[in-house]
Amino acid sequence: MSSPTTGGGGLSIDEEETVETRIRRLISEHPLIIFSRSSCCMCLVMKKLLATIGVHPTVIELDDHEFASLPRPSSLGGLSSRNLSPAVFIGGTCVGGLESLVALHLSGHLVPKLVEVGVLGV
């Protein structure tokens, strides 16, 4: 797991933490966080969309084996971790991948959600 590419606050890394525990802690510490693979161009699209709204998420790059530890929204059913790259969490809840983020934006629900978790002022 690599350091965040954007966002505030430091990342404390406890070497004894499991990957699952570290991921859950990062989700709880950052109201807007994206987990991505280093080779994922969709993360760039996701960051650009959020930047046009005026927010800059914390971005964490995960290895393939670490991606399997991400919690998934129940609405995604049987989708594999490969289909959920990148994965965005807003207020501790997994929104899903790029398609889900765009759908949330187009439906008009993204900005209110970002305001609700305190990453975007009104």
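Residues are numbered from 1 along each chain as its sequence is written, and side-chain values use heavy atoms, without hydrogens and water. Because the model is predicted, local features need pLDDT of at least 70 and side-chain atom pairs pLDDT 80 or more, whereas totals for chains, interfaces and linings use all residues.

**Exercise 1.** Determine the strand order of the sheet and its edge strands.

*Solution.* Step 1: Strands are DSSP runs (E, at least two residues), and helices are runs of H or I with at least four, numbered from the N terminus. Two strands pair if DSSP finds at least two bridges between them. Step 2: The open sheet has four strands in the order β2-β1-β3-β4, with mixed pairing. Step 3: β2 (58-61) and β4 (93-96) each pair on one side only, which makes them the edge strands.

**Exercise 2.** Describe how β1 and β2 pair.

*Solution.* Step 1: β1 (residues 32-36) runs parallel to β2, with four bridges. Step 2: Within this pair, S36 stands opposite E61 of β2.

**Exercise 3.** Identify the strands that helix α2 touches.

*Solution.* Step 1: Contact means heavy atoms within 4.5 Å. Step 2: Helix α2 (residues 41-53) packs on the sheet and touches β1, β2 and β3.

**Exercise 4.** Locate the largest nonpolar core.

*Solution.* Step 1: Such a core joins buried (under 20% relative accessible area, 1.4 Å probe, protein chains only) Ala, Val, Leu, Ile, Met, Phe, Trp, Tyr and Cys residues through side-chain atoms within 4.5 Å. Step 2: The largest core has 19 residues; L50 and I90 are among those touching the most other members. Step 3: Helix α2 gives the largest share, five residues.

Methods. Axes are lines fitted to C-alpha atoms, for helices over the stretch in contact, and angles run from 0 to 180 degrees between N-to-C directions. Buried means under 20% relative accessible area, exposed over 50%, partly exposed in between (1.4 Å probe, protein chains only).
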